[in-house]
Amino acid sequence: MTYKSTIYSPTDAILKEAAQRLLQGYLVAMPTETVYGLAANATDDRAVARIFALKERPSFNPLIVHVESLEKASNLIEMTGLARRLAEAFWPGPLTLVGKRSPSSDFAPSLLCSGGLKTLAVRVPAHPVAQHLLRLAGVPLAAPSANPSTKLSPTSALHVQQGFPEAEDLWILEGGDCTQGLESTVVDITGETPVILRLGTITAENIEEAVGVKPLYYKDIEETHTIKSPGQMLKHYAPDKPMRLNAVDVKPGEGLLAFGSQNIPAASVIYNLSETGDLLEAAQNLFKMLHLLDTENVSGIAVMSIPQEGLGLAINDRLTRTQS
Ligand code: TXA
Ligand code: MG
């Protein structure tokens, strides 16, 4: 088997170049202590769209943003007292905190990273190669597990290479076998009680021991309705305005979310996902433009049809799903 992606031993020179590639918008697979991550500059919408394209994810699941320190994390999300205690106990390590995005930040991750949500998942990985790369890149790195969407999470550089044999531009940094081998525990810290959204090597007991608060598990909350808005934290972003899909015309009062350059109906407010019909560009613009249309003086959003192929699958998934 020949591979077009390349595994590099993480020397100082290679790490420097890998950091440069990230800043240029390329993807780099990096080892973490949990699983290998497919990293992109989180502040660059186009680079983040490339993650979804390469993984062939049929939906825009929100991604985890990686930073090298608690200090950097606290620039990105609102660190409540509880969040700080959790971070001090487990970072660097296999814990992801989902918090409210900070209002202002020089390195704000793109909306595509968080699937349009106002929350953001942040983690400080412990692996020295990930740490080194983050420091050199100087930007937060969005990184889902580095596997095609239907495959197992990779715990070695070779797994990543086998998963993406055709990815010519992909650099894979060798970091040995992952010591944890299981994805990080994801905890929502937007409320007073931590809520576990995904179980990992850090358990509910570990969390309770560390911070003296018993975390909830999101499935239990959904069943017992003990909080006001069960499953609220799991909701995906949907615009407040009604959307009309596969529109070929625009009704009075509607704004238009267009695609391509053909058969664009007249409208007073038009945002075009991609005039050239480029699905990567459309993915890059999707949440930004939906948010913009939501703030415009329009009563609804007419959306032109998007081809059901490649990234178009994820775009259509997001458009057709209202709140799930
Ligand atoms: O160990 C890990 O966490 C690995 C390494 C590479 O860091 N990353 C990873 O990423 O597993 P991914 O994209 O495969 O999983 C991200 C998880 C998903 O379950 C997603 O739903 C959740 O985090 N998540 C991300 N952002 C969220 C948000 N704003 N609200 C709720 N859940 C979120
Ligand atoms: Mg995954």
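Visitor: In which loop is the place of proline 92?

Guide: Proline 92 lies in the loop between α4 (81-90) and β5 (95-100); helices (H or I, at least four residues) and strands (E, at least two) are DSSP runs numbered from the N terminus. This is a predicted model, in which local features need pLDDT of at least 70, side-chain atom pairs count only at pLDDT 80 or more, and totals for chains, interfaces and linings use all residues. Residues are numbered from 1 along each chain as its sequence is written, chains are lettered from A and ligands numbered from 1 in the order in which they are written, and side-chain values use heavy atoms, with hydrogens and water left out.

Visitor: Is the peptide bond from tryptophan 91 to proline 92 cis or trans?

Guide: Most residues other than glycine have a negative phi, and most peptide bonds are trans. The bond from tryptophan 91 to proline 92 is cis, with omega near -10°.

Visitor: Which phi do asparagine 246 and asparagine 263 have?

Guide: Asparagine 246 is not a glycine, yet has a positive phi of about 50°. It is found in the loop between β12 (243-244) and β13 (254-258). Asparagine 263 also has a positive phi of about 50°, and its place is in the loop between β13 and β14 (270-272).

Visitor: Why do asparagine 246 and asparagine 263 count as exposed?

Guide: Buried means under 20% relative accessible area, exposed over 50%, and partly exposed in between (1.4 Å probe, protein chains only). Asparagine 246 counts as exposed because its relative accessibility is 54%. Asparagine 263 is exposed because its relative accessible area is 69%.

Visitor: Is threonine 34 buried or exposed, and which residues does it touch?

Guide: Threonine 34 is buried, because its relative accessible area is 4%. Its place is in the loop between β2 (28-30) and β3 (37-41). Contact means heavy atoms within 4.5 Å. Not counting residues up to four places away in sequence, threonine 34 touches several residues, including Pro94, Thr155, Cys178 and Glu183.

Visitor: Which side chains are joined to that of threonine 34 by a polar contact?

Guide: A polar contact is a pair of N or O atoms within 3.5 Å; within protein, one must be able to donate a hydrogen and the other to accept it, and residues adjacent in sequence count only if both atoms are side-chain atoms. The side chain of threonine 34 has such a contact of 2.9 Å with that of threonine 32, and another of 3.2 Å with that of arginine 123.

Visitor: At what angle do the axes of α2 and α9 cross?

Guide: Two packed helices are described by the angle between their axes and the distance between the axes. Axes are lines fitted to C-alpha atoms, for helices over the stretch in contact, and angles run from 0 to 180 degrees between N-to-C directions. The axes of α2 (residues 45-55) and α9 (residues 279-295) come within 8 Å and cross at roughly 115°. Residues making the contact include Arg46 and Ala49 of α2, and Ala283 and Gln284 of α9.

Visitor: How many residues does the largest nonpolar core have?

Guide: In soluble globular proteins, nonpolar side chains tend to be buried together. A nonpolar core is a set of buried Ala, Val, Leu, Ile, Met, Phe, Trp, Tyr and Cys residues joined through side-chain atoms within 4.5 Å. The largest has 71 residues, and those with the most contacts inside it are Phe60, Leu86, Leu97 and Leu257. Helix α9 gives the most to this core, with 9 residues. Apart from it lies another core, of 18 residues, among them Ala130 and Val139.
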